[in-house]
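Please work through the following exercises on aromatic rings with the sequence and the structure at hand.

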Amino acid sequence: METGDHHAMKLFEVLPDNFFRLLTGSNKELYAEAGLLIYEQSQRDRFGIRYDVMRDALQELIETRQELGLVYAPDDDELPEDEVPSSGGRTKGARRGSESMRFGESKPQQITVEEAARMQANAMLRRLEALKWIDVEDRDQFQRYIVLPHYASRMLGLFKELCEARSVEYQRFAFTTFQILTGGEAERRPCFAVREALQITLQFRQELITLYNNMKHHMEQVVQKMSIQEVLDHHFDTYKSQIVDKSYHRLKTSDHVSRYRHHILQKVQDWLLDRDLMEETIADGLQSDFYQSREEAEDDIRRSLLTIEEIYAGLDEIFYQIDVRHNQYLRSSYDRARYLSQHQTGVTQQLGMLLEHLSQRAIDLGLETNFEEALGMRLFRMQQIGQWSEGSLFTPRKRRQPHQPERHIEVDIPEEWKEQLHQENLERMRRSITRKKVERFVLDKMGERDQMEIRELAPNSVEELLLLTYVYLYGQDGYSAFRLQRNEERVIVRIGPYRFHNHTVVRAAGNSDRAALNR
């Protein structure tokens, strides 16, 4: 979802035309490793990688692949400028082979494996620069540095994230969203808080969808396994370690979003209904240059809040679909293992079939009695033997016995206990806070006046603090001898350890007789 006035650009307005050509040739795996190696080095050397350092690292990568039997064969579009294919399909030049013809020499000169790997590393860097994966800068002392363009850095970061099996803390998204919407930043910069909460919420939803899609991917992989051992290895070594332990188990066992979800939804609803807060958010967005007009700001802020509300209100459906996909994987894994166990053609199954065939053949030929004398060995008949166990025996159902409640014994309570409980209840009622007690507290402070500021009710004890809390409650329902009139200036008063808005308490019209009665 786009926010603000950002213009949506097309993909190849950001990426060069031949950007993905690097990953389509015969050396795509080598270039993928080289790209990740450059990205990791850029995280350490954040202001540029020395060209010779990166060349040495790529040279070591090429030599390691050569030791594993993997040969670097340049693609047609990456031949060096001074090399052309020869008539015999071979290429002249030191970079392509082990021989080179130099001007003024009549015999080819032999180069070492190390020199060949170094030339190949230089060719890789030149191709990376030509396809705009890296930029090369000349700095002081004629030192050359490699810098990643912004799109290449983000793309390689995505590749690195895809290659890593990372743990996802889903509780973090809900907790961060709750903190942003209810913390101090929401009071100082409400528009920024809404925009940031939206981005984190969208990332949260994307992580849940990624988990759902990964389960589908593993389900498709497990049904392609050709042996029971492969099914078990995939289930325990791959699915359990990458999906269950690092994502699904955390989602199901922790209190994750349920702890903060209701508070987030309540805060978003209050934000949408509170006109003053909405106006503050719009003003902050215009002041921060997020929007060009008030209408655009109000539309985007409301859309952002509604999106947050929609995502958190629809989490139950997402969780349900994830559970369904997990159960589908378990069923597919079990069905595949059962199928392979019944149609396994491995060595064990073949030996069993061979022994069974030989045994049946011996019976057909009548060799079961003199077979040992004829061949000097014993051929036994294979047959299935089952043993009884207590679990295999049928247990008849028994009729449920009617419920027999325990005998109820009545115990007389002494009169002194009853009187003690009665006095405790009366004392608890005297200590309880009622509407009359709150009205008496307010009207005693107000005296003969018709109104007063709420700062005059500053509490001096815990009981007065509770009474002040009920002043806020009863002052807005219209059934008390006073009412609370909000201060438009939103002045906050700090008296002692207490901090509250300095609203105005007004005597309710028609309640003078009732106030006199209370006094």
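**Exercise 1.** How many aromatic pairs does the structure hold?

Solution. In this predicted model, the structure holds eight aromatic pairs. One of them joins F19 and Y151, whose ring centres are 5.6 Å apart. To classify this pair, recall that planes over 60 degrees apart count as edge-to-face; the planes of F19 and Y151 make an angle of 80 degrees, and the pair is accordingly edge-to-face.

**Exercise 2.** Which parts of the chain does the pair of F19 and Y151 tie together, and are the two residues buried or exposed?

Solution. Begin by locating the partners: F19 lies in the loop between helix 1 (11-14) and helix 2 (28-44), while Y151 belongs to helix 5 (residues 150-163), so the pair ties together parts that are 132 residues apart in sequence. Next, consider burial, for which the cut-off is under 20% relative accessible area. F19 has a relative accessible area of 0% and is buried, and Y151, with 14%, is buried as well. Finally, look at the ring pairs around them, which link F19, F20, W133 and Y151 into a cluster.

**Exercise 3.** What is the geometry of the pair formed by F290 and Y291, and which residue lies over the face of F290?

Solution. F290 and Y291 form an edge-to-face pair, with 6.5 Å centre to centre and 80 degrees between the planes. Both F290 and Y291 are buried. Turning to the face of F290, one finds R195 lying over it, at 4.2 Å from the ring centre.

**Exercise 4.** Over which ring does the charged end of R435 sit?

Solution. The charged end of R435 is placed over the ring of Y474, at 4.3 Å from the centre of that ring.

Terms used
Residues are numbered from 1 along each chain as its sequence is written. This is a predicted model: local features need pLDDT of at least 70, side-chain atom pairs count only at pLDDT 80 or more; totals for chains, interfaces and linings use all residues. Side-chain values use heavy atoms; hydrogens and water are left out. Rings of Phe, Tyr and Trp (its six-membered ring) pair if their centres lie within 6.5 Å; planes under 30 degrees apart count as stacked, over 60 as edge-to-face and the rest as tilted. Helices (H or I, at least four residues) and strands (E, at least two) are DSSP runs, numbered from the N terminus. Buried means under 20% relative accessible area, exposed over 50%, partly exposed in between (1.4 Å probe, protein chains only). A charge sits over a ring if NZ of Lys or CZ of Arg is within 6 Å of the ring centre and within 35 degrees of the ring normal.
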